[in-house]
Amino acid sequence: MAEVIPAAVLRNLADKLYEKRKNAALDVEGIVKQLAAAGEHEKITAVINLLTTEFTYSPQANHRKGGLIGLAAATVGLTSDAAQHLEQIVPPVLNSFSDQDSRVRYYACEALYNIAKVVRGDFIVFFNQIFDALCKLSADSDANVQSAAHLLDRLVKDIVTESDQFSIEEFIPLLRERMNVLNPYVRQFLVGWITVLDSVPDIDMLGFLPDFLDGLFNMLSDSSHEIRQQADSALSEFLQEIKNSPSVDYGRMAEILVQRAGSPDEFTRLTAITWINEFVKLGGDQLVPYYADILGAILPCISDKEEKIRVVARETNEELRAIKADPAEAFDVGAILSIARSQLSSEWEATRIEALHWISTLLNRHRTEVLQYLGDIFGTLLTALSDPSDEVVLLVLDVHAAIAKDPQHFRQIVVFLVDKFRIDNSLLEKRGALIIRRLCVLLNAERVYRELSTILEGEPDLDFASIMVQALNLILLTSLELSEIRDLLKQSLVNPAGKDLYISLYASWCHSPMAIISLCLLSQTYQHASTVIQSLVEEDINVKFLVQLDKLIQLLETPIFAYLRLQLLEPGRHIWLFKALYGLLMLLPQQSAAFKILKTRLKAVPSYSFNGEQLKRTPSGNPYQFLHQMPGGSQITEDGDITMDGGNSHNGINFAARLQQFQQVQHLHRLHSKAQVQSRKNSTSLSKNMVEAQKQEEPRRPQLSEINVPTSRSSSKRSPQV
């Protein structure tokens, strides 16, 4: 081979001086050009092998530098014939990109640049290897190497954009593997390539967008403003292409966007939710299988701390809800419900509200499918009744009411609601009135109260039953929503519907003496109210009873009981009302405010006569039942109702049986109270016995009086005389 390349040229090619190596490379170029002109390709191959083995793979850095510049010179000398020798020329140059010597890496870039300029399109067969090498060099520690790699990169991009041999299918896996690299120089390099390839009309980068979309979104949170800007610019361009493209794979990209919408980085979340917004508008049927995932991304963003994100999320949510998809078209009602249910436990009120709106929407559109998943969401909906937001609670009640439209679900909901109140007393105390009133508006007040009464009638927890009845009674007496029930109860003695409601409520109202008395006053069964008051025993009149009585006296002064106060103007017709009120007065402590209020009210009653009406004892001998003699010999009560069964039944209401029912229930409450007192006593006694036992187990310590302390004479002299 020395015959082909003179020894002096080879010696200069390995010289430490760049000028000598450069001149030697020019000599190699001339030699190869002559050989190519003569068609002596075997000798050319031998020259390339010499440069490769003796120089580029040499342990001497100057030899490697000379070998690289020699290979580039040989390629220039080959000109149009270079393509057939690229398999020998390019690999050793690529191998030099990983050389430990930065100057060797620099010359490798320079050599490949010169080779690429000569072969142009024929260079494409090595594109993947070259791209991999450039990716590494873009993050090189040496600035000169980075600069050289940048120049080479620009040339390679030019070659690729004008080549018809470039395979995007082979390139994408290479790109995808590197998209999650964190090095900022590599990221800039990758975004640059994506942008360039996307600008080539013949290369369909949009079709492969799902392969590197996640990587681009990952760059939006880069610490470098320049990288964030480049990634955002690339994403904006792709989004515009999506809007103009008739065929887009929305599904795969939707999965990526859903993940990125939950990013801790604000800019990433905003970009992701903006893309989702466009996808919902453009995606159509393609997105139906992904609705649940998309909803899972939107709902948290509705409560985002950044206003821009909240605005886009709300708009997207409305767009998504407006789409009327069919379960037959892969619309998964169960998956949507699962997402809405999970978001009900969100810490953000706005998210919980929108989750409830979704459940309501699904109930309206796909009721049958939703009810199939009722067991999955019912517990969460009940728990949501304890939500700190009134708006959330009202929406939960709307959902419950929508479910309860079916008779089989109505009782289930009321039963579970009572159970929830039993478990969580604070819910009954804080939200009970709101919940009951709202359900009465949504589901018919009478129906709700009848069902509650039926459930509480058999309630085994007597303490809870009493508390619950008291709460229901207070709501009944004060809520505007229950005015129709109150009007119906006022007609209990003359209207069959009123009578049925009265009897229905009475059964459970027996758990509270004050609730029964209130019910009687409301329904104008004053005689029975007086009888109930007379039946109370010492154990019934406790602090709780007096507190409730105080509330009732206050309520008697409200507009709801205006009719009752006006009836006091006709004492001849409403003697039992007076007797009942005076009975309550006698139960109140004289120093209490309630006593003074009721006494003042009764004193205000005019003291004129009963207009000639006669008062007489009843034929039954009941000393408390006053009857009025009417023309024709018939007898009516003070409320104007004809008596039957000796005054024990009116309009089909058997008051004697009602009284017996009340007394039986109260007897159970008294036994329960005694059992509780005895249990507390036993517990206290047990605690005392345990303390005594502990004392006995301790070593006995002598008392002061048992200790013999010697006394001095002086002290004995000063001792007091007895």
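Predicted model: local features only at pLDDT ≥ 70, side-chain atom pairs only at ≥ 80, totals over all residues.

Residues are numbered from 1 along each chain as its sequence is written, and side-chain values use heavy atoms, with hydrogens and water left out.

**Exercise 1.** Find where S346 lies, and decide: is S346 buried or exposed?

*Solution.* Start with the location: S346 sits in the loop between α17 (333–343) and α18 (349–365); helices here are DSSP runs of H or I with at least four residues, numbered from the N terminus. Next, the relative accessible area of S346 is 16%. Buried means under 20%, exposed over 50%, and partly exposed in between, with a 1.4 Å probe and protein chains only, so S346 is buried. Finally, neighbours within four places in sequence aside, S346 contacts T351 and R352 (contact: heavy atoms within 4.5 Å).

**Exercise 2.** Describe how α22 packs against α24.

*Solution.* First, α22 (residues 407–423) and α24 (residues 445–457) pack at about 60°, their axes 10 Å apart. Axes are lines fitted to C-alpha atoms over the stretch in contact, and angles run from 0 to 180 degrees between N-to-C directions. Then look at the residues that meet: among them are F410 and V414 in α22, and V448 and L452 in α24.

**Exercise 3.** Which residues does W509 contact, leaving aside neighbours within four places in sequence?

*Solution.* Working along the chain, W509 touches Y449, V469, L472, N473, L476, A515, I516 and L519.

Key. Helix = DSSP H or I, 4+ residues; strand = E, 2+ residues; numbered from the N terminus.
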